Amino acid sequence: MVHTSTDAQQPRDGSTARNDDRAQQASDRRHAAAPSNTLPGLTLGALGVVFGDIGTSPIYALRQAVSDAGTVDVQTVMGILSMIVWAVVIVVMGKYVLYVMRADNEGEGGIVALTALVRSGYEQQGKHVPRLLLVAGLFGAAMFYGDSMITPAVSVLSAVEGLREVDAHFNPFVVPIAAAVLVALFAFQRRGTSVVGKSFGPVMTVWFVYLAAVGIYRVVQHPDVLKALSPAWAWALAVHHAGVAFIVLGAVILALTGAEALYADIGHFGRRSIRIAWLFIVFPSIIIGYFGQAATMLFQPGAVRQPFFYAAPPWALIPTVVIALLATVIASQAVISGAFSMTSQAIELGFLPRLRVIETSRTQRGQVYVPAVNTLLFGAVLFLVLVFRSSDRLTSAYGIAVGLTMLITTVQMVSLSRHVWRWSWLAVIAVSGPLLVIDVLLVSANLQKIPQGGWAPIAVGTVLFILMITWHRGRELAAIRAARAEPLTSFLPHIFDRDDPPARVAGTAVYPGSMSGTTPAALVNNVRHNRVLHHTVICFANRSESAPRVDERMRIEVRDLGHGCFEVISRHGFVERPNLPSLLASLEGRLGDWKFDPKHTTFFLPREEITPGCSHGQMARWREKLFGEMSFHSASSAEYYGLKSEDVIELGVQVVL
């Protein structure tokens with residue numbers, strides 16, 4: 001069932017709460033379409049996929065923050081602990097769980113879906129979408145990829161390093177073991193999010209129970225540490241040691257990594273299951289875990305070096321290392337699955353060229369595997385592990401990409417709240433103002449990390465941003481050029497009225513394209529060079545909408561052009577894949593007595609060749625060449641449309657920007 005989210009378009013009559021309930025119910029029905037997708041099952045799957053990153057932050061976040069502060073006195077440790085606790089409460093709970101997750105784009109989340117939602121809201125009101133918002137959204141998406149390559153490296157390394165606490169002789173084997181674990185993780189991705197979630201969910205449940213149990217074990221011994229629940233400790237650190245507090249902020253963000261995954265994975269598990277898992281399992285477990293580590297730091301000499309492993313009883317050190325390793329492997333899953341989802345969305349929205357996207361679930365949409373992204377992420381992660389070789393050095397590279405993505409998400413939410421939801425400026429400032437201040441502080445504190453390794457995710461994100469913005473601009477210019485093509489209403493009468501009309505041959509010819517009303521270039525070339533026209537001609541205009549899914553009643557529009565020629569306009573959402581054979585089969589009865597016969601249907605696909613240097617200054621020459629290379633290496637249209645290669649004829653089409 002299609003989930004229609006009314007959160008993103010709040011009415012002015014005050015019925016937001018009722019609409020929110022209906023949207024949530026629709027989301028729940030869609031995610032429960034299969035018997036295994038019940039609320040408990042989805043909640044368990046969310047524990048395995050969504051919360052791995054933020055759930056394993058306690059392994060290194062507090063350790064790094066205290067290390068950056070340079071002292072282990074009570075005032076500093078309690079102040080840092082209070083900062084982490086309230087950062088989690090405000091940013092993760094307040095911003096993402098309660099605020100940002102309301103902005104699901106008909107059940108889909110993530111910064112790309114949010115950008116599409118903002119764009120759709122402007123378009124529905126007849127307004128021009130500010131280009132700065134689109135650029136910001138693409139930059140945030142690019143930074144998410146930068147985060148996606150850091151998370152697996154730092155998470156797995158931090159857990160494997162626990163072997164040093166068992167025996168120092170393990171030290172030379174830390175990097176090889178981490179590399180082997182990552183190889184296995186990325187090889188497992190092709191099995192799909194659903195299988196991964198079911199496999200990892202029980203393990204993460206054990207992890208959170210263990211994290212809470214160890215925390216309680218230490219807090220019971222030193223209950224005074226609970227005083228850090230008061231924000232007065234964080235305030236005192238900021239007032240009396242402002243320089244230290246600012247430096248520590250650069251590590252506090254480590255406790256927030258993975259918050260964006262909560263939003264990005266809505267399409268996999270639904271808001272309700274993610275919120276239940278967070279409120280009742282993840283949030284209390286990680287907070288108790290941080291308190292247990294702080295107590296260990298303050299009352300056990302030498303624990304500051306590895307407070308997570310020292311917090312466990314001595315007899316439980318080896319089990320702690322094992323379960324931490326399993327959990328950090330799973331931590332990588334949150335951003336990897338988010339990267340797959342975001343890539344699929346970006347392709348349909350025209351922000352990335354077509355890549356091979358494999359749907360891994362027959363019962364639930366949105367669960368995808370992108371081999372190219374998996375390969376590139378694996379290469380980047382392995383490079384980071386082999387170059388940085390320790391979690392301490394990697395945490396210096398961590399944070400800046402996360403902070404930038406969080407900041408851009410808040411900026412997009414400001415625009416959404418004001419211009420789509422129609423909030424007053426007072427309400428927007430009251431909700432988003434404090435979040436913007438926090439995001440700016442977190443990004444500013446992490447700027448100092450750029451020379452220490454923060455350049456790596458920024459460099460990768462910048463390259464991806466250039467690719468995305470170049471592809472989007474190139475498609476815009478190509479669409480403008482295509483719109484100038486001869487209209488179908490003039491091309492067809494012209495070829496039929498002339499003295500030597502093309503010969504008609506048996507069968508059906510389908511000409512896919514993206515512009516309705518215009519003559520497909522493949523049709524023009526076929527008539528010009530082969531001088532034949534099939535008995536039935538279907539000009540198929542494929543439109544990708546800013547919504548994730550399209551109502552089935554609005555999906556197909558048919559126009560009879562006469563002489564056995566038809567134009568079919570098909571719409572699909574950015575999480576849907578257009579399957580031409582299925583769409584054609586659904587047309588039976590709408591094109592006269594025509595019936596779809598795969599054996600007598602030929603698909604004429606354009607093979608575009610980009611001609612650079614003709615954009616009249618609208619794109620730099622190097623960007624024109626880059627766009628041409630991206631177009632040349634994009635996946636075939638046949639696979640995108642779900643066609644068999646033997647049913648396809650490709651005709652070369654020169655595209656001048």
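**A guided reading of the model**

Student: How many disulfides does the structure hold?

Tutor: A disulfide requires two cysteine sulfur atoms within 2.5 Å. By this rule, the count in this predicted model is 0 disulfides. Take Cys539 as a case: the nearest cysteine sulfur, that of Cys565, is 6.9 Å away, and Cys539 is in no disulfide. Cys565 is likewise in no disulfide, with the sulfur of Cys539 as its nearest cysteine sulfur.

Student: Are Cys539 and Cys565 buried or exposed?

Tutor: The general idea is that a residue under 20% relative accessible area is called buried. Cys539 counts as buried because its relative accessibility is 4%. Cys565 has a relative accessible area of 1%, so this residue is buried too.

Student: How should I describe the protein chain as a whole?

Tutor: One begins with its elements and its surface. The protein chain has 27 helices and 8 strands. Of its 657 residues, 58% are buried. Its accessible surface comes to about 25,800 Å², and carbon and sulfur atoms account for 62% of that area. Among contacts with a separation of 6 or more, 84% join residues 24 or more positions apart.

Student: What does Val252 contact beyond its neighbours in sequence?

Tutor: Val252, in helix H12, counts as buried because its relative accessibility is 1%. Leaving aside neighbours within four places in sequence, Val252 is in contact with Met83, Ile84 and Ala87. Val252 and Val88 are 164 residues apart in sequence, and their C-alpha atoms are 9.2 Å apart in space.

Student: How many salt bridges does the structure hold, and which parts of the chain does the pair Lys95 and Asp439 link?

Tutor: A salt bridge pairs a side-chain nitrogen of Lys or Arg with a carboxyl oxygen of Asp or Glu within 4 Å. The structure holds 6 salt bridges. In the one between Lys95 and Asp439, the closest N and O atoms are 2.9 Å apart. This pair links distant parts of the chain, with Lys95 in helix H5 and Asp439 in helix H21, 344 residues apart. Both Lys95 and Asp439 are buried.

Student: Why are Arg473 and Glu476 separated by about one helical turn?

Tutor: They are separated by about one helical turn because they lie 3 residues apart in helix H22 (residues 450-483). Glu476 counts as partly exposed because its relative accessibility is 25%. Arg131, Arg473 and Glu476 are linked in a network of salt bridges.

Student: Which strands hold Arg571 and Glu557?

Tutor: The side chains of Arg571 and Glu557 meet in a salt bridge, 3.3 Å from N to O. Arg571 is in strand E6 (residues 565-572) and Glu557 is in strand E5 (residues 556-562), 14 residues apart. Arg571 is buried because its relative accessible area is 18%, whereas Glu557, at 34% relative accessibility, counts as partly exposed.

Student: What does the side chain of Thr508 make a polar contact with?

Tutor: For a single residue, one reads its place, its accessibility and its contacts in turn. Thr508 is in strand E3 (residues 503-513), and it counts as buried because its relative accessibility is 5%. The side chain of Thr508 makes a polar contact with the side chain of Trp594, at 2.9 Å. Not counting residues up to four places away in sequence, Thr508 touches several residues, among them His534, Thr536, Ile538 and His600.

Student: Which residues form the nonpolar patch on the surface?

Tutor: Val166, Phe170, Phe173, Ile318, Val322 and Leu326 form the patch, with about 520 Å² of accessible area together. Helix H17 (residues 317-348) gives the largest share, 3 residues. Leu326 lies in helix H17 and counts as partly exposed because its relative accessibility is 44%.

Definitions and conventions. Residues are numbered from 1 along each chain as its sequence is written. This is a predicted model: local features need pLDDT of at least 70, side-chain atom pairs count only at pLDDT 80 or more; totals for chains, interfaces and linings use all residues. Side-chain values use heavy atoms; hydrogens and water are left out. Helices (H or I, at least four residues) and strands (E, at least two) are DSSP runs, numbered from the N terminus. Buried means under 20% relative accessible area, exposed over 50%, partly exposed in between (1.4 Å probe, protein chains only). A polar contact is a pair of N or O atoms within 3.5 Å; within protein, one must be able to donate a hydrogen and the other to accept it, and residues adjacent in sequence count only if both atoms are side-chain atoms. Contact means heavy atoms within 4.5 Å. Patches are made of residues with over 30% relative accessible area and no salt bridge: like charges are joined within 9 Å, nonpolar side chains (Val, Leu, Ile, Met, Phe, Trp, Tyr) within 5 Å. Accessible areas come from the Shrake-Rupley method with a 1.4 Å probe; for residues, only the protein chains shown count as cover.
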